[in-house]
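Open the model in your viewer and keep the selection panel handy. We will go from stop to stop.

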Amino acid sequence: MSIITSITRMWLTRSIKPFTFQNEYDQLLPFSECENMGLYVHIPFCKSICSFCPYCKVLFSKELCDQYIDSLIKEIHLVGSQYPGKKKVTSLYFGGGTPALAAERIHEIIEALEEHFIITEGIGLELHPNDVTLEVLSILKNAGVTKISIGIQSFQPKFQRILGRKAVDAEKLREALSRVPFGTVSMDFIFALPGQTPEDLQADIDGAFRIGANHIAIYPFIDFSFTSSQVKAMPKKRKKALMDGMTAYCLEKGYERSTIWTFSSEKEAQYSSMTRDNFLGFGCSATTLLTDQFKINTFSVEEYCRRIDGENLPTSLTLRFTRRQRMVYYLFWTAYGTRVEPQAFERFFGVPLKKMYGFELKLAKLLGFVEEKDGAYCLTMKGAFYYHYYENYYTLAYIDKMWGIMRREAFPEEIRL
Ligand SMILES: C[S@@+](CC[C@H](N)C(=O)[O-])C[C@H]1O[C@@H](n2cnc3c(N)ncnc32)[C@H](O)[C@@H]1O
Ligand code: SF4
């Protein structure tokens with residue numbers, strides 16, 4: 001499995017040097033010159049833990065959550081005060097875990113961030129279906145949240161059972177969403193579950209837009225090695241048929257593909273924290289991506305709070321990119337948005353995309369993975385499937401390994417990928 005990712009990495013970075021994450025941290029983060037930068041805040045608490053979920057999370061306790069948020073606010077000031085004045089950023093996303101469990105304190109976190117940053121494209125936050133109540137939605141809206149994302153997974157009880165989750169009351173959701181509107185209402189689904197058919201997915205897609213979503217994310221089920229889930233990944237052929245079917249269905253309905261996994265019924269509806277050139281992450285397991293480095297905070301809530309108590313940043317690992325590594329990282333996540341703009345690449349790296357990856361682009365065009373539209377390279381349906389297929393390898397070879405280690409060790413010595 002990891003042979004494919006290793007060969008691709010060596011080819012595209014023109015080096016045998018792996019991505020090496022080291023146990024080092026800087027007190028100062030060089031973000032002042034970074035453009036197109038987003039903010040991410042991780043809230044790692046859930047009311048119950050799903051067996052299939054790989055994210056950094058622990059069981060909710062009010063006391064621990066309050067202590068964590070106090071630390072989070074300190075971390076924001078530790079980083080934000082490094083910039084004189086207020087830095088313009090694109091978006092702010094709260095992910096988890098289930099950030100809606102801390103609804104009453106979200107306004108404090110936003111206020112702390114707004115002391116240092118000007119957020120220009122809205123604020124997004126993740127909710128579990130149980131949190132979609134008039135009360136929680138109103139608190140979030142009053143705090144300044146403009147986009148919400150709800151983890152539905154499936155409207156069908158049989159798939160919820162497979163995932164070990166409870167059935168979703170769609171009517172209750174519709175009612176609450178109609179009374180407290182948000183600019184973007186996104187809903188998450190998981191596909192490639194055992195026995196799932198194109199009709200099952202179509203029913204989920206229709207259901208989402210019917211009860212008030214204007215954006216959906218349909219993720220392929222990934223069987224992470226460190227989770228206790230018994231659900232097995234679907235064979236490639238059936239998965240491809242499902243993915244092609246759901247893409248064709250969404251396009252036929254007039255929904256726009258905004259990233260590999262997301263479709264929207266309104267152009268303004270956007271929900272993606274990953275497609276930024278740079279981002280600053282706050283909270284445990286949050287990542288920070290800057291011009292020449294990538295950082296990951298510790299996954300341990302206790303160690304996170306301890307570091308912050310000592311006025312130190314909670315970075316666990318730092319990767320210092322070679323230039324080509326940064327280009328590969330840039331291209332990977334820009335392609336996730338299904339479109340790579342050569343001018344944006346040149347602005348970021350100061351060198352034409354064609355000069356660095358002319359051969360690869362030609363090959364991708366020849367194989368039917370990309371096509372040129374209005375001067376940009378756009379993924380075709382085939383390209384999107386193979387991107388997904390490769391991303392699956394990447395997730396299992398890189399993310400699975402890294403998160404598996406980070407869950408066990410708060411500050412690992414070194415990880416080479
Ligand atoms: C942080 S959760 C969303 C908010 C909330 N905690 C919830 O579960 O409703 C993020 C999303 O990741 C997706 N996800 C989690 N584990 C996954 C897996 N093993 N494979 C694919 N998608 C997964 C789910 O769609 C989930 O809604
Ligand atoms: S899927 Fe959501 S609710 Fe379930 S454990 Fe993961 S973050 Fe928590």
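Which residue lies over the face of Y357? Select R324: it lies at 4.9 Å from the ring centre. Remember that this is a predicted model.

Next, select K141 and F182. The charged end of K141 sits over the F182 ring, 5.4 Å from its centre.

Now move to ligand 1. Show its shell: 21 residues surround it, and the closest are F52, Q153, R165, D188 and I222. The shell holds 12 nonpolar, 6 polar and 3 charged residues.

Pick out the contacts one by one. At R165, a side-chain N or O atom is 2.8 Å from an oxygen atom of ligand 1. At T98, a side-chain N or O atom is 3.0 Å from a nitrogen atom of the ligand. At F52, a backbone N or O atom lies 3.0 Å from a ligand nitrogen atom. Ligand 1 has 570 Å² of accessible area on its own, and the protein covers 93% of that. Colour β8 (123–127), β9 (147–153), β10 (184–191) and β11 (215–220): these elements each give two or more residues to the shell.

On to the rings. The structure holds 29 aromatic pairs. Select F224 and W403: their planes are at 10 degrees and their centres 6.4 Å apart, so the pair is stacked. F224 is in the loop between β11 and α8 (236–252), W403 in helix α13 (residues 381–408), 179 residues apart. F224 is buried, at 8% relative accessibility.

Last stop: Y386 and Y389, 3 residues apart in helix α13. Their planes are at 75 degrees and their centres 6.3 Å apart, so this pair is edge-to-face. Y386 is partly exposed at 29%, and Y389 is partly exposed at 24%.

How values were computed: Residues are numbered from 1 along each chain as its sequence is written. Chains are lettered from A and ligands numbered from 1 in the order in which they are written. This is a predicted model: local features need pLDDT of at least 70, side-chain atom pairs count only at pLDDT 80 or more; totals for chains, interfaces and linings use all residues. Side-chain values use heavy atoms; hydrogens and water are left out. A residue is near a molecule or strand if one of its heavy atoms lies within 4 Å of it. A polar contact is a pair of N or O atoms within 3.5 Å; within protein, one must be able to donate a hydrogen and the other to accept it, and residues adjacent in sequence count only if both atoms are side-chain atoms. Accessible areas come from the Shrake-Rupley method with a 1.4 Å probe; for residues, only the protein chains shown count as cover. Helices (H or I, at least four residues) and strands (E, at least two) are DSSP runs, numbered from the N terminus. Ala, Val, Leu, Ile, Met, Phe, Trp, Tyr, Cys and Pro count as nonpolar, Asp, Glu, Lys and Arg as charged, and the others, Gly among them, as polar. Rings of Phe, Tyr and Trp (its six-membered ring) pair if their centres lie within 6.5 Å; planes under 30 degrees apart count as stacked, over 60 as edge-to-face and the rest as tilted. Buried means under 20% relative accessible area, exposed over 50%, partly exposed in between (1.4 Å probe, protein chains only). A charge sits over a ring if NZ of Lys or CZ of Arg is within 6 Å of the ring centre and within 35 degrees of the ring normal.
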